[in-house]
Amino acid sequence: MVYQGPFTAAIDVGCGSGQSTHILSPHFTSVTGLDISQAQITEATKLGTGTNVFFKVSGAEKLPFSECSLQLVTAGQACHWFDLPKFYEEVDRILVPGGVLALYGYAFPQPIYGDLTEKLYDIINYVYEKDTGGYWGSGRKDVDAAYSHQKFSIPYSSNTRDDTHYVDKSATVAELTGYITSWSGFQNFKAKNGDVAAQEILDRFQNRIMSTLNLTTSPEDTQLCLRFKFFLIMGRKPLS
Ligand SMILES: C[S@@+](CC[C@H](N)C(=O)[O-])C[C@H]1O[C@@H](n2cnc3c(N)ncnc32)[C@H](O)[C@@H]1O
């Protein structure tokens with residue numbers, strides 16, 4: 001038997017700027033985004049808290065909710081930073097019987113462009129593995145492995161994984177280049193090697209993409225379809 005509701009409360013742990021929190025708001029009476037970083041919570045709050053969306057600074061390892069008070073706990077592209085045994089213990093304390101823990105993440109975007117799809121991905125991968133390869137935290141490997149490592153196993157016998165979801169977004173080549181600046185590996189490279197070396201990576205990346213596409217348009221006017229592939233692991237707390 002599955003839990004039938006009511007769906008009163010959910011939390012989104014490691015909510016960052018809050019986009020992953022807002023998605024839940026139509027389905028619950030109240031949704032709270034939590035993040036260990038005050039700066040992220042300040043950003044998230046700027047997005048507008050709506051009538052049923054709240055944000056709070058909190059680490060994943062001690063969650064400010066009472067026993068059996070939540071129907072859903074999510075973490076999007078975040079749980080690889082958590083102390084997982086402590087997080088799982090807290091989740092078990094605050095979920096109602098039949099409540100669900102859902103952990104998901106996504107791979108780097110893949111430009112979909114006919115026969116050139118693979119070549120374009122290789123160019124992104126070059127920046128990831130070669131240019132910024134030594135500048136990523138250990139958690140990145142867990143995302144690459146789509147949380148398949150044993151340490152992510154959700155400690156409930158009712159659990160599942162789903163790798164079928166993806167989102168296609170349209171973006172220009174210039175926007176894709178801008179997206180690379182958001183990578184923590186790129187930011188770490190920049191902090192160590194300076195703005196000029198970082199800009200060289202971006203320029204080389206953008207030039208390689210443009211020459212592979214072999215178009216006459218500018219990077220700002222060249223549209224690509226970017227595919228973000230998601231992976232999701234879920235577990236349900238036993239009803240009794
Ligand atoms: C890549 S962001 C993901 C943001 C958002 N969930 C999304 O999907 O766009 C990861 C977030 O996890 C937060 N984080 C890292 N360690 C944490 C911890 N132990 N407890 C709570 N949040 C944490 C970081 O501050 C960061 O905002």
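**Exercise 1.** Which residues have the most contacts inside the largest nonpolar core?

*Solution.* This is a predicted model: local features need pLDDT of at least 70, side-chain atom pairs count only at pLDDT 80 or more, and totals for chains, interfaces and linings use all residues. Residues are numbered from 1 along each chain as its sequence is written.

Start with the term. A nonpolar core joins buried Ala, Val, Leu, Ile, Met, Phe, Trp, Tyr and Cys residues through C-beta atoms within 7 Å. Buried means 20 or more other C-beta atoms within 10 Å of the residue's own, with C-beta atoms placed from the backbone. The largest core has 34 residues, and Ala10, Val13 and Val73 have the most contacts inside it.

Next, the elements, taken as DSSP runs (helices H or I, at least four residues; strands E, at least two). β1, β2, α2, β3, β4, α3 and β5 each give two or more residues. β5 gives the largest share, five residues.

**Exercise 2.** Find the contacts of Val13 beyond its neighbours within four places in sequence.

*Solution.* Contact means C-beta atoms, placed from the backbone, within 7 Å. Val13 then touches Leu34, Ala60, Val73, Ala75 and Ala78. A second, separate core has 13 residues, including Leu120 and Ile201.

**Exercise 3.** Describe how α6 and α8 pack.

*Solution.* The axes of α6 (173–180) and α8 (195–213) come within 10 Å and cross at roughly 145 degrees. Val173, Thr177 and Ile180 in α6 meet Leu202, Phe205, Gln206, Ile209 and Met210 in α8.

Notes:
A residue is buried if 20 or more other C-beta atoms lie within 10 Å of its own, exposed if 12 or fewer, and partly exposed in between; C-beta atoms are placed from the backbone. Two residues are in contact if their C-beta atoms, placed from the backbone, lie within 7 Å. Axes are lines fitted to C-alpha atoms, for helices over the stretch in contact, and angles run from 0 to 180 degrees between N-to-C directions.
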